[in-house]
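Please look at the sequence and the structure shown below before reading on.

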Amino acid sequence: MEASPTAKVMQADLRSGELLLSSDFNIKKMPGREVFLNNRLSDANVRGFDTEELLMRYFETNHNDTVVVVLFKGDDKNLDYTIRFFSRGNFQSNVAQTSKRYRGKLAGINEADTTSDYNWKGFLSLQAAIDVSFMENVLKRNNPSVLFTKVMPYPPHIVDNGVDAIFKEMLPLITLFSFIFLCPAVLKRVVEEKYSGTKELMKMVGMKSWMLWLGWFIYGLIPMMFAVIVIVILMKVRMFDTEYPPIEFMDGTLLFCFLILYCMAAIVFCFAISSFFSKPMVAMVTGMLVWILSYFIPKYALNLDTGKQIPWSMSIILNLLPNMALHFGYSIIASYEERELGVQWNNFYKPSSGSKDDITMNNVFIMLIVDIVFYMLFTCYMDNVNPGKYGVRKSFLFPLKSLFKFLRRDNNIEVGAATVHLQNVEEGHGYKKGIEIINLCKRYSTKVAVDNLTLDIYQNQITVLLGHNGAGKSTTMSAITGMIEATSGVIKVNGMNIKGNMDEIRKTLGLCPQHNLLFTDLTVAEHLIFFAKLKGKSSEEARREMKDLLKKLNMSEKEDSMAATLSGGMKRKLCLGMAIIGGSKILILDEPSSGMDPESRRELWDLLLKWRGEKTILITTHFMEEADALGDWIAIMANGTLQCYGTPMYLKKKYDTGYHLSIMVKGSVTAEDEKNIRNAITEYVEEAQFKTRNGNNIVYVIPNEVQGKIKNLMKNLETKEHELNIENISIMHTTLEDVFLKVKVDTETEGSQDQVDIAGMQGYFCIVSVFQDS
Ligand SMILES: Nc1ncnc2c1ncn2[C@@H]1O[C@H](COP(=O)(O)OP(=O)(O)OP(=O)(O)O)[C@@H](O)[C@H]1O
């Protein structure tokens, strides 16, 4: 490039504009004035001000578009000044650019160029005029007026328009789309775990939330790491007969770190998205859209694709989206590559163009780390307030509440001595306590799920917890297993407070939750082995126990079946197996037989009865027959409180309702039949009370006090069997069902606010048809 004399840059025309000087510095009197003025500025256009403040005041109220301000700060010896052109449109004197950009900005590169702001607005001319004047007048140097301009750097770069396109368009897109299938896959698996409930199950067996998230993080990062290594190699290594690699100058380790940080932020961003969804497919599709749009929407909405400069703070905020950090990172890489410097660890902190609005690679790295931390905290928060259908939902303000609780050191107070004993509780003298529940309260915002429950569950006994829907049974079990935190109260397992000893307790605790929480892609054997290993068994022991247990559960032929392909009853058995395996000494079984066929149920009972005497078993059920068959001890809850507790004998005695005479009539029952039967009964037992009629079954209750009359009554009914159209007669003393219903009625009459679904409840009860001859 030939040097060009100053005359060639003098194209400024300020005749319609103004020159404001911060001192009374008359430019007309400068010796080098012809350099600048050249008939382009009249005296009227020059204004001097004593101070910068006065100048600025004038400028703010009177300026026009072609005003030029010169602020002199130096003294007689030192020239220090600032030229300010009123900036409108694209004139940006503060942006130091590479040769490509200087093409339009600097004079002299292209003589026919009229777009050069520095040239035609007279910036260089004015600067030259001031400098020359200073040199001649103050420094007394002669003839310094020959000025040259040159491009910088010299010789100029060949402008490669492809560089911009590759770095700013293609590389971010290649990177974005390299991970496009991985992010939805992570999303799907994470939400699936929530959806199937296995996440909660893992928590119940002692896995901490952070362990589960870390597992998913590693699951996502390992394949991404391979992709990043491939990308770095492709970008940094010269392939085939190309002259140079796509990213020629940048430090390869820096590129690797940038992409790895991006991947980490992307995975955690996916975690954050996953917390809004509870269905895997919805999460996958929506997550993928959010993922793509988080790149394209800000980029095109803010015209970042056209290279538009945005304020630094806005760039930083945009970096909260990992895909935007990717865009900014590649833009910085592009700028440095254009300058043939490349981003290096030593210029990592410097803006690529020198503009204060440009963010640095250092900023991008910091923002990616901020993204990781921010989305991780957000995921933890959402995990607590929106855990899906299985977890325990916490209040939106739970972090504040936890903080207050911590500050107040508000730990649950041990109230062991103040055990509340109800009238209807049988003392288990001689039995060792396996689980002690002392004044347990659990409150969900306004709902009290468990209200001051005190209950001792004895070692090596089967205790059945009964109660209507919503009585608080599952909440109690969840509190025992440490799945939820009690609002107040103490729970001890084998004498150890669960607070602080949960890890130890979990080694001996087996839980079969109310819902089948299974891994969709593990086989039956893998489930059992996994849970045995969680309890500390070696691989060999786990395999042996698995085989043995499958035999006991009558499921050996399903050993290699995927859990997802099992029938409902089989799944239940597998859940039970997962609770039992690993030598669990305490079994918490929440409705273990629900969904099982009668045969499987009997098998389950046999199994549980075999373990009676060896394991402490707490079980809930809605089947009274099951409670009767299994329960050494029966606890009945209503509205979160314990209503009665004792052996079945104790409860039946306590809630004695007399004898239940059940008469089944052939065909349908007519009014005549009813009347005849009533007369036949009251003829011998006047005190007999009609209780209910279900289809062709009529039930009367005979009080205990008149049990002596039952023998004659039965004889009479047998004699009149044909006359009364009777098909079958049975008589039972108080059943557990009677006890349960009596307790329920007592609770309701005590003024309980909870509506109990009697009809629904009765559907569960089995009427035991036993003929008992008194
Ligand atoms: N996470 C929760 N948030 C708010 N309320 C809850 C929550 N979990 C349970 N509850 C409420 O606490 C009460 C007790 O629920 P729990 O599940 O312990 O009853 P349950 O006796 O096990 O019922 P079921 O026999 O139907 O399983 C119910 O009223 C229920 O609505």
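Predicted model: local features only at pLDDT ≥ 70, side-chain atom pairs only at ≥ 80, totals over all residues.

Residues are numbered from 1 along each chain as its sequence is written, and side-chain values use heavy atoms, with hydrogens and water left out.

**The ligand and its shell**

Around the ligand there are 14 residues, of which Gly470, Lys473, Ser474, Thr475 and Gln514 come nearest; a residue counts as near when one of its heavy atoms lies within 4 Å of the molecule. The shell divides into three nonpolar, eight polar and three charged residues, where Asp, Glu, Lys and Arg count as charged, Ala, Val, Leu, Ile, Met, Phe, Trp, Tyr, Cys and Pro as nonpolar, and the others, Gly among them, as polar. Strand 8 (447-458) and helix 16 (473-480) each supply at least two residues of this shell, and helix 16, with three residues, gives the most. Helices (H or I, at least four residues) and strands (E, at least two) are DSSP runs numbered from the N terminus.

| Residue | Atom of the residue | Distance to a ligand oxygen atom |
|---|---|---|
| Gly470 | backbone N or O | 2.8 Å |
| Ala471 | polar backbone atom | 3.0 Å |
| Ser474 | polar side-chain atom | 2.7 Å |

Taken alone the ligand exposes 630 Å², and the protein buries 69% of that, the areas coming from the Shrake-Rupley method with a 1.4 Å probe.

Six strands form an open sheet in the order 12-13-14-9-15-16, with mixed pairing; two strands pair if DSSP finds at least two bridges between them. At its edges are strand 12 (509-512) and strand 16 (641-646), each of which pairs on one side only. Neighbouring strands are turned by 15 degrees against each other on average, direction ignored. Helix 20 (residues 568-580) packs on this sheet and touches strand 12 and strand 13, its direction making about 165 degrees with that of strand 12. Contact here means heavy atoms within 4.5 Å, and angles run from 0 to 180 degrees between N-to-C directions of axes fitted to C-alpha atoms. Strand 13 (residues 586-590) and strand 14 (residues 616-620) run parallel and are joined by five bridges, with Leu589 standing opposite Ile619 of strand 14.

Strand 17 (residues 659-665) pairs with strand 20 over six bridges, and His660 has Met732 in strand 20 as its bridge partner.

Key
Polar contact = N/O pair within 3.5 Å; in protein donor to acceptor, adjacent residues only side chain to side chain.
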